[in-house]
Amino acid sequence: MIQDRKIDLALEAKELAEGSAAQTTRLAGVKAQEDTVFGYPLTRVEILNREGEAALGKPKGTYLTLELPELPREREEVLRAARGVAAVLEALPTLPKQGSVLVAGLGNRRVTPDAIGPRATDFLLVTRHLVQTMPQDFSALRPVSALAAGVTGTTGIESGELIGAVVKKLKPACLIAVDALAARRQERVCRTVQVSDTGIVPGSGVGNARMALDEEHLGIPVIAVGVPTVVEAATLCLDLLDQAGQEGFDPALFRQEGAEWFVTPRNVDSEVETLSRVLGLGISTALHVDFSVEDVEKWIS
C-alpha cells in the first residue's frame, strides 16, 4: 500500500499502485508514457483529477522522471546529463519563456544527503545583478537569482517564510525549488531526477514537512526539482519482504516511535557533488535558452 511507504517519486507511487508506470489504463485519473531524452529513460506521469490524487497520494499535476542508469563521471557525461535535465524542464509548460526566475536550494549543507539543493545553487548562472547594474551589456539575459534558504535549525526561519519574503520583494515570474527526496527503490537513489509543476513541501520525504511552496501559497508557478538521496528503512524492509513472498506483516511494526531510519549510499558525498553540478548546469541551460551547457559551464567556472 502506498500509505505504508514514504515515496516522493510519482513514478514509484504509480509502479506500486499498478505494477508498471508504462501502463495508462489501469488507474483512473492517471496517465503515463515513456520516452528517452539524450539517451536517458524519461517517464511522464500526469495526475488528472481527484481520482488520480487518491490513487497515488500526490497532488494533481505533471511529474517528469529522468533516470540516469549510471552516475555521470567524466565531464562529457555530466554535460549530457545536464542537457537531459534542461530538456525535461523545457518540456514543462509552467516554465515561462521569459521573465525573472528565482531558484531556491532547499536543505542543509551540513548534512550531505540533504545538501543537494544548496549545492546545486553553486552551479547556477545567476544574472539578475548583471541585468540590473549593467543593462547596456546584459539586458538580453534572463534575470536569474538564487537562494540557499538553509533550515530552521540553523537559521531560526522557516525556509518557506524566507522564500516567500524574497518572492514578494523580487516578484519573479517563477520559482524553481530544488530539494532532496526519498526513493522507494535503492537503485533509484542518486540515479533519478524528478521535475514537477506541483510545488513542493520541504522535508516531507523524511517526515519533517514544513510550509508548502506552491502557487497557492506564493502566487507564482512553482517547479520542483528533486533527486532521491535516501530510502526510508521501513520502506526498504517492506519491499524486501514483498519480494521474498513474505506477507501479513503489519506496517505499524516498522513505524514505532524512534524507529524511523534512512539509508543512503556510502559514497553519497561524491554522488551529491556530481548531481548538484548536473542540476545547476541543467537548470541554467533551461533558463538561458541562448546558452549551451558548455557556455554555462564557462560562465560559472
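Modeller: Let me start with a term: buried means under 20% relative accessible area, exposed means over 50%, and partly exposed is in between, all with a 1.4 Å probe and protein chains only. This is a predicted model, in which local features need pLDDT of at least 70 and side-chain atom pairs count only at pLDDT 80 or more, while totals for chains, interfaces and linings use all residues. Residues are numbered from 1 along each chain as its sequence is written, and side-chain values use heavy atoms, with hydrogens and water left out.

Biologist: Okay, is Arg75 buried, exposed or partly exposed?

Modeller: Arg75 counts as partly exposed, because its relative accessibility is 43%. Glu76 is also described as partly exposed, at 46% relative accessibility.

Biologist: Which residue does Glu76 form a salt bridge with?

Modeller: Glu76 forms a salt bridge with Arg75, and the closest N and O atoms are 2.9 Å apart. A salt bridge here is a side-chain nitrogen of Lys or Arg within 4 Å of a carboxyl oxygen of Asp or Glu. In general, side chains of opposite charge can pair when their charged atoms come close.

Biologist: And how many salt bridges does the structure hold?

Modeller: The structure holds 8 salt bridges. One of them is between Glu271 and Arg191, whose side chains meet at 3.2 Å, N to O. That pair links distant parts of the chain, with Glu271 in helix 11 and Arg191 in the loop between strand 6 (174-183) and strand 7 (192-196), 80 residues apart. Both Glu271 and Arg191 are buried. Salt bridges that share partners also join Arg75, Glu76 and Glu297 into one network.

Biologist: Which residue pairs with Glu273?

Modeller: Glu273 forms a salt bridge with Arg119, with 3.8 Å between the closest N and O atoms. This pair too links distant parts of the chain, since Glu273 is in helix 11 (residues 268-287) and Arg119 is in helix 4 (residues 116-120), 154 residues apart. Glu273 is partly exposed, with a relative accessible area of 37%.

Biologist: You keep naming helices and strands, so how many are there in the chain?

Modeller: The chain has 12 helices and 9 strands. These are DSSP runs numbered from the N terminus, where a helix is H or I with at least four residues and a strand is E with at least two. Of the 301 residues in the chain, 52% are buried.

Biologist: Changing topic, which residues line the second largest pocket?

Modeller: The lining includes Lys97, Gln98, Arg142, His288 and Phe291. By class, the lining has 5 nonpolar, 3 polar and 3 charged residues. For those classes, Ala, Val, Leu, Ile, Met, Phe, Trp, Tyr, Cys and Pro count as nonpolar, Asp, Glu, Lys and Arg as charged, and the others, Gly among them, as polar. As for the term itself, on a 1 Å grid over the protein atoms alone, a pocket is an open set of points where a 1.4 Å probe fits, with protein on both sides within 12 Å along at least five of seven lines, and lining residues have an atom within 4 Å of a point.

Biologist: Is His288 buried or exposed?

Modeller: His288 counts as buried, because its relative accessibility is 3%. His288 is in the loop between helix 11 and helix 12 (293-300). Leaving aside neighbours within four places in sequence, His288 is in contact, meaning heavy atoms within 4.5 Å, with Leu125, Thr127, Arg142 and Val144.

Biologist: What about Gln98, where does it lie?

Modeller: Gln98 lies in the loop between helix 3 (75-90) and strand 4 (101-106), and at 65% relative accessibility Gln98 counts as exposed. Not counting residues up to four places away in sequence, Gln98 touches Arg142 and Ala173. Gln98 and Ala173 are 75 residues apart in sequence, yet their C-alpha atoms are 8.1 Å apart in space.

Biologist: Last one, which residues other than glycine have a positive phi?

Modeller: Among them are Lys171, with phi near 55 degrees, and Cys190, with phi near 60 degrees. Lys171 is found in the loop between helix 8 (159-170) and strand 6, and Lys171 is exposed, with a relative accessible area of 64%. Cys190 is in the loop between strand 6 and strand 7, and Cys190 is buried, with a relative accessible area of 0%.
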